[in-house]
Amino acid sequence: MAHDETNPPETTDSAPETDGRAMSEGERFALASEIFRTRSFEGEELRMGQVLRRVREARGLDLDKISADTRLRKEFLMWVERMEVGELPKGGYLTAILGTYATYLGLPKKDVIAIYTKECGAVDEVKEAAPVEKIGRIGPERARWPLMLASAAALVVLAASAIGVSQMLRPAPEAIDGPAIVAVNGARDSLFADSDDHPVPESLPLELVAVRQGWLEVRGADGTIFRNRTMVEGESYFPRLNAGWTVSARDGGAFKWRVGDIAVGPLGPDGAQVFSVSVDEQLVRAAEAAAPTVAANGGSKATR
């Protein structure tokens, strides 16, 4: 799960030295290759996130340059090196970032992804890139009585369905006119918004950014709380898309939706509490807001 403690300041890495002199490009590359091969540095065993950092330092590279060259956000690279994968957006971002970073450092992409995800427990993110061997059937053969119970349960369901159909066929009582009740979802801009069907984007870097300090709660479709704390100005969170997640805040104006550098809109009215705002319902707004930039970039996704 995500770590909320304050990140330590990033330091500028200087080029490694040998006998008081700066190492040549060939020597730095050889040192980086040795670190990756042994997964250790100065006698200390390293996890893959530490290996990536030591290789970067051996090559004399800093995160600002890598971020500028790869278009990956600097904090993403920092979280990858620290193996704080809970801070990264979900939906395949981890493998994409690892692959880009490994290629930039001149490391074998598949090996980096396989080892990294095994060490951090994010195997579900890389079923295609780094498949895990099946263990096979474990334990004695199951008894047959569960099948009998399942059959009995199916009969009960069929009986209940029959009763439900008979109730549906009964004449309905006469409707009585009364005041209409309209349920308003805080995620909608208007009850009279365009109702045409819009294609829902499968992958969009939609994030929620704090424009000032405010409390935020993010819940999954099953009620799991993924974030419940006060966020500081400039802090962002990437909720999972197309998963039924919702967002609540004590001040809707303290947060705004954003795609890359494009502002989509506020989470809610300024100073007003918002409850259970649907993340998925923001996708159409986000896609429409990002569309001009995508077109201007020749159809590519908006980048940060």
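The model is predicted, so local features need pLDDT of at least 70 and side-chain atom pairs count only at pLDDT 80 or more, while totals for chains, interfaces and linings use all residues. Residues are numbered from 1 along each chain as its sequence is written, and side-chain values use heavy atoms, with hydrogens and water left out.

## Salt bridges

The whole structure holds 18 salt bridges, each defined as a side-chain nitrogen of Lys or Arg within 4 Å of a carboxyl oxygen of Asp or Glu.

| Glu57 | Arg53 | 2.9 Å |

Helices here are DSSP runs of H or I with at least four residues, numbered from the N terminus. Glu57 and Arg53 lie four residues apart in helix 2 (residues 48–58), which means that about one helical turn separates them. Relative accessible area is given with a 1.4 Å probe on protein chains only: buried is under 20%, exposed over 50%, and partly exposed in between. Glu57 is buried at 14%, whereas Arg53 is partly exposed at 37%.

Asp64 is partly exposed at 49%, and Lys74 is partly exposed at 25%.

Beyond these pairs, salt bridges link Arg73, Glu75, Glu207 and Arg258 in a network.

## Cavity

A cavity is a set of points, on a 1 Å grid over the protein atoms alone, where a 1.4 Å probe fits but cannot get out. Points are joined across faces, edges and corners, and the volume is the space filled by probe spheres set on them. One cavity of 30 Å³ or more is found in the whole structure. The largest cavity has a volume of about 70 Å³.

Lining residues have an atom within 4 Å of a point. For the largest cavity they are Trp79, Gly86, Glu87, Leu88, Pro89, Lys90, Arg227, Ser236, Tyr237 and Phe238. The lining has five nonpolar, two polar and three charged residues, where Ala, Val, Leu, Ile, Met, Phe, Trp, Tyr, Cys and Pro count as nonpolar, Asp, Glu, Lys and Arg as charged, and the others, Gly among them, as polar.

Methods:
Helix = DSSP H or I, 4+ residues; strand = E, 2+ residues; numbered from the N terminus. 1 Å grid on protein atoms, 1.4 Å probe; cavity = no way out; pocket = protein on both sides within 12 Å on 5 of 7 lines; lining within 4 Å.
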